[in-house]
Amino acid sequence: MAAAADGLGSTTIDTTQLNMSVTDPTAWATAMNNLGMVPVGLAGQQLVTDSICVPGFDPSLSMMTGITPINPMIPGMGLVPPPPTDVPVVKEIIHCKSCTLFPPNPNLPPPSTRERPPGCKTVFVGGLPENATEEIIQEVFEQCGDITAIRKSKKNFCHIRFAEEFMVDKAIYLSGYRMRLGSSTDKKDSGRLHVDFAQARDDFYEWECKQRMLAREERHRRKMEEDRLRPPSPPAIMHYSEHEATLLAEKLKDDSKFSEAITVLLTWIERGEVNRRSANQFYSMVQSANSHVRRLMNEKATHEQEMEQAKESFKNALTGILTQFEQIVAVFNASTRQKAWDHFSKAQRKNIDIWRKHSEELRNAHSEQLMGIRREEEMEMSDDDSGDNPSKKLRVDESALTAQAYALKEENDSLRWQLDAYRNEVELLKQEKGQLFRTEESLTKDQQLKFLQQTMQGMQQEINMLTVALVNQEREKNSEKRSQGLKSEKEALLIGIISTFLHVHPFGANIEYLWSYMQQLDSRISANEIEMLLMRLPRMFKQEFTGVGATLEKRWKFCAFEGIKTT
C-alpha cells in the first residue's frame with residue numbers, strides 16, 4: 001500500500017489512519033457487501049478512510065490535484081503510478097461528485113482490448129449503470145481530457161470522443177472499474193466498466209489528413225533539398241539570325257567570350273541552321289574558331305613551362321632537405337662514437353639510437369624519391385635523343401605533308417561547294433528575270449565564279465605538287481630501307497666491337513650486359529642507342545628469348561656467319 005501511495009506523485013497519505021487494506025480479502029468481501037451483494041445495515045457507508053482516497057479532488061483538473069492530463073501509460077505520470085519491476089500495479093478507489101469507482105480485483109487478469117486503430121480518439125464504454133446519465137459519464141471521463149462528443153445508447157454503453165489521442169490511454173486505464181452512483185445499492189445504479197478502442201470514421205479521416213500533410217511536407221522538403229543540390233541550368237541559347245550571327249562572330253574573336261560563343265555556334269550547327277544563304281557566315285565563324293588553336297597551344301606550352309619550373313623548384317627543395325638529413329645523420333653517427341658515447345647515460349643513449357634510426361629511414365626515403373625523379377628525367381632525355389633519329393624526322397615530315405594535303409583537299413571541296421551554290425543562285429536569278437542581258441548582280445556573280453575557278457585551279461596545282469613530293473619521299477625512303485648503310489665511322493666501330501663481343505659469347509648476351517661492356521669504352525653511349533643499332537642490322541644480329549616464366553630473358557646473338565653459310 002505504501003508503494004501505491006508513493007506513486008500518486010504530489011498526493012501525501014497518512015498510513016496511520018488506514019483502517020483496512022484494499023488488497024486484503026476481508027476488505028474486498030466487505031466492499032462487495034457494500035455494493036449490494038449482501039445487505040448491510042448502513043447505507044452508503046465508506047469502505048475506507050479518506051486518507052486512502054485523493055484529498056481535495058477537483059474534476060476540472062484531473063484525477064488528482066495538481067497533475068495535468070498526461071499519458072497515463074508513462075510510468076510515474078498521470079493515472080498510472082510508477083510500478084516496481086517485481087510489484088504489480090495497484091489501482092486505487094476514485095471518488096467523484098456523483099459516483100464512486102472501485103478498482104478491479106488485482107488477482108484477475110487485465111481486461112482485454114482490441115487492436116488500436118490508427119489515429120484513434122474514440123473509446124467504447126460498456127457496462128454502465130442503467131441510471132447513468134450523460135452528465136455523470138462526462139464527469140467521470142473528463143478527468144482523462146477534453147471531450148468533444150458523447151454518443152450514449154439506450155442500452156448500457158456509449159462512445160466518447162476525446163480531443164487528443166493520448167487521452168484515450170487514460171480512459172482505457174478505467175477499464176475493469178466498478179461504478180456506483182452515489183451510495184445506492186440498487187443494481188441499476190452499479191455496473192462494471194469495460195473501456196475499449198473504437199473505430200470511428202472521423203478519427204480515421206483526421207489521421208489520413210494528418211498523414212497526407214506530413215507526406216506533403218516531406219515531399220516539399222525533398223524537393224527543396226534536390227533544388228539546392230541540383231546544378232544550375234545552362235543559359236538559354238538565342239535563335240539564329242543575321243544580327244545574332246554578326247555579334248557571335250565578334251565574340252568568337254574575343255578570348256574572354258570564346259567559350260560562351262563556341263557553345264552557341266555548336267548549338268546552331270546541331271539545330272540545322274546551316275543552309276545555302278548562311279553557309280558563308282558559318283564558314284567564317286568556323287574559321288574564327290580555328291584561329292584559336294594557336295592560342296590554345298601557346299597556353300599549353302606556357303603551362304608546361306610552369307610545370308617544369310615547379311618540378312625544378314621541387315627537386316631543388318628536396319635536395320636541400322636531403323642535405324640537411326645527411327647532416328643530422330652525421331651528427332648522430334658522431335655522437336655514437338666511443339669518444340662521446342661513454343659520457344651519455346643509458347636513457348640518453350637509447351633516445352639517441354632511436355632518433356638516429358628514424359632519421360636514417362627518412363633520409364633513405366627522400367633519397368629514393370630524388371633518385372626516382374632523376375631516373376624519370378634521364379628517361380625523358382633518352383626519349384628526346386631517340387626522337388632526333390632521321391627516320392622519325394622523316395615520319396614527322398611525312399605526317400605534316402599529309403595533313404597539309406588533307407587540309408588543302410578540304411578547302412578545295414569547300415570552294416567547290418561554294419561554286420556550285422553560286423551557280424545555282426545565278427540560274428535561279430536568270431529563270432526569275434527571264435532576261436538575256438546581264439545585270440550588275442549577275443556580273444558580280446560571274447566575277448566570283450571566275451575567281452573561285454582560278455582558286456580551285458591553284459589549289460589543284462598545289463595538291464599535285466604535294467602528291468609528287470610525297471611520292472618522291474616514298475621512293476627515297478624505300479631506297480634508304482634497301483641500302484641500310486652505316487651513316488658514320490662511329491657506328492662502324494660500334495658494329496665491329498659488338499660483333500667481336502657477341503662472337504665470343506655463342507649463347508648470346510642481354511642488352512644490359514652488352515651496354516655495361518660498351519660503357520667502359522664510351523661512357524656517353526646509351527642502351528637504347530645500342531639496341532636501335534642492332535635492330536637496324538637484322539642480317540648480322542638476331543634477338544632470341546631464353547628461359548621460362550620468371551627467368552624469361554631477351555638475348556642478342558651474332559648471326560652474320562650463318563647468313564654467309566646459307567648464301
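Residues are numbered from 1 along each chain as its sequence is written. In this predicted model, local features need pLDDT of at least 70 and side-chain atom pairs pLDDT 80 or more, while totals for chains, interfaces and linings use all residues, and side-chain values use heavy atoms, without hydrogens and water.

Begin with the open, antiparallel sheet, whose four strands run in the order β1-β2-β6-β7. Strands are DSSP runs of E with at least two residues, helices runs of H or I with at least four; two strands pair if DSSP finds at least two bridges between them. Select β1 (94–95) and β7 (190–192): each stands at an edge with a single partner strand, so one side of each has no neighbour in the sheet. Next, display β6 (residues 178–181), which pairs with β7 over three bridges; M179 has G191 of β7 as its bridge partner.

Turn to D255 and R295, which form a salt bridge (a side-chain nitrogen of Lys or Arg within 4 Å of a carboxyl oxygen of Asp or Glu). Their closest N and O atoms are 3.4 Å apart. D255 lies in the loop between α6 (242–253) and α7 (258–271) and R295 in helix α9, so the pair ties together parts 40 residues apart in sequence.

Stay in helix α9 and select E312 and K315, three residues apart, about one turn of the helix. Their side chains meet in a salt bridge at 3.8 Å, N to O.
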